[in-house]
Structure formats: C-alpha cells, structure tokens
Amino acid sequence: MTKKSPDSLYELCIEKTFDYLVDKKWNGGKTNPFSQINCNIVNDLFKFLDLHLEYEIPSPFKLLLKSGQLQNLVFNGIDFTEKRWRSVVKYLLEESDSCRNITCIMLPESFQNDDNGSLERLIEKCPLLEVLDVSTFFNLSVLKNCVRLKEVRNYFSGNKEYRYFRNESVDTLANLQNLEQFVIFHSRKSSSYYKHIAKLLQNNPKLVSLGNTDSSRAAHHIYTT
C-alpha cells in the first residue's frame, strides 16, 4: 500500500517509528519500549500499522498489543483470518496488564468468538472498557465488572437475540449505570423480549438506545406493574 506524505512533523515521527518497527529495530529487548510511551502515541502507531500492513501478524503489532498502553483495539484496515485473530487475542492475553488501558474494542465481522471464550477472556482484562462493538455472540455476564461501559453494539447476522436471553439474564447489566447504548436488537420482533427490555430501561438510567426494536411494549409493562 502506498503511503501518502506526512502532513505534520508528528505524522513524520509516527511514520519513521513505523519504519523502525517493520525493520524490527526493537525486537529481542528485555523490556517493551512502548510500555512507557503515552497512550495517544501508541494508539496512533497502532492505527497507522492497521492501515499499512496487509500480512500475517508482524512483530510491530506484538509490541504494541503487549505494551499495556493501547487504548483503542480497533481494526479497520486488515481483514484477518480466524488464525490471525487467534494470534491477536493470544498476544493480548499473554501479558497480565496488556489490556489495562483499553477503553474501546471494535472488531470487524471476521472476528468470531471461539469455544474457549477468547472474547470473554479479553473483555475480563479490560477494566476501563467503555465501548464494545463486535459481530459475534458472547456471554453477557462478562460485562458485570465493566462499570465504565457506555456502549455495547453487536451486529451479528440474523435475528439471534434469543441466544442472549435463553442463557443469560439482563440482571447482569444492572451494575452498568453508565450504559447509554445496548444495541443487540435488530428487528421490531425483538419486542417479544419486552420484559427483559423493561429491566434494561429500569436498571440503566442513562440508556438512550436499544437498537432497532419497539420498546413501547416494555414501557407499558413498566407502567402497569
């Protein structure tokens, strides 16, 4: 991929650091050179890497993923295979504090949770998580300690909301007093879960969006009980 000329000295520094990363300048050291770098710089480096690398998980990603300074685990430029996604999660789970500053997880449709609950284990390591945007089913109970969580968006294919309410209780979400968006409902038929929706509305005072569902039945349930 052709890189455009940097527009500022800062962008030039990011690009030069990128070149050093690709050349494996910092490989083999005893300490991760990015573990003490400002989070904003690590985020910008990660974003730059995401847009300019098109091959197997390289060493640059490993260093940034394990630094503990990454805030935005967001992939836009690379459509990873299942094997590559497993590598990403593996690197994040290898270090005890690698996810300590992550506030946003946005993963494309190519990421699908596995039988080992990789997504759940990843979320558990992110105490500062505020935004979760995925396209795969996960266990709602894993969110119970994400007290800063504001947005949950799950764009799975088809009408599979029942999977959440067959196995899980929305009581799990009662602790999430900062929750503003809970978008897993993708059709008006979701209103059949009106009792669960009513609990969400009652327990989460900042909630403003439930996706594409009709909450009037839930509101009526609250009013009449």
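Val142 counts as buried, with a relative accessibility of 6%; buried here means under 20% relative accessible area, exposed over 50% and partly exposed in between, computed with a 1.4 Å probe on protein chains only. The model is a predicted one, in which local features need pLDDT of at least 70 and side-chain atom pairs count only at pLDDT 80 or more, while totals for chains, interfaces and linings use all residues. Residues are numbered from 1 along each chain as its sequence is written, and side-chain values use heavy atoms, with hydrogens and water left out.

Val142 is found in the loop between β3 (131-134) and β4 (151-154); helices (H or I, at least four residues) and strands (E, at least two) are DSSP runs, numbered from the N terminus. Not counting residues up to four places away in sequence, Val142 touches Glu120, Ile123 and Glu124, where contact means heavy atoms within 4.5 Å. The C-alpha atoms of Val142 and Ile123 are separated by 7.0 Å, although these residues stand 19 residues apart along the chain.

Glu120 itself lies in helix α5 (residues 118-124). Besides Val142, its contacts beyond four places in sequence are Asn113, Phe138 and Asn139. Glu120 is buried yet has no salt bridge, and the nearest side chain of opposite charge, Arg121, is 7.2 Å away. For these assignments, Lys and Arg count as positive and Asp and Glu as negative, with His and the chain ends not counted; a salt bridge is a side-chain nitrogen of Lys or Arg within 4 Å of a carboxyl oxygen of Asp or Glu.

Elsewhere, charged side chains do pair, and the structure holds six salt bridges. One of them joins Lys66 and Glu94 at 2.6 Å, N to O. Lys66 lies in the loop between α3 (59-65) and β1 (72-74) and Glu94 in helix α4 (residues 82-94), so this pair ties together parts that are 28 residues apart in sequence. Lys66 is partly exposed at 24% relative accessibility, as is Glu94 with a relative accessible area of 38%. Lys90 joins Lys66 and Glu94 in a network of salt bridges.

A further salt bridge links Arg153 to Asp133, with the closest N and O atoms 2.9 Å apart. Arg153 belongs to strand β4 and Asp133 to strand β3, so the pair ties together parts that are 20 residues apart in sequence. Arg153 counts as buried at 12% relative accessibility, and Asp133 is buried with a relative accessible area of 12%. Arg153 also forms a salt bridge with Glu151, where the closest N and O atoms are 2.2 Å apart.
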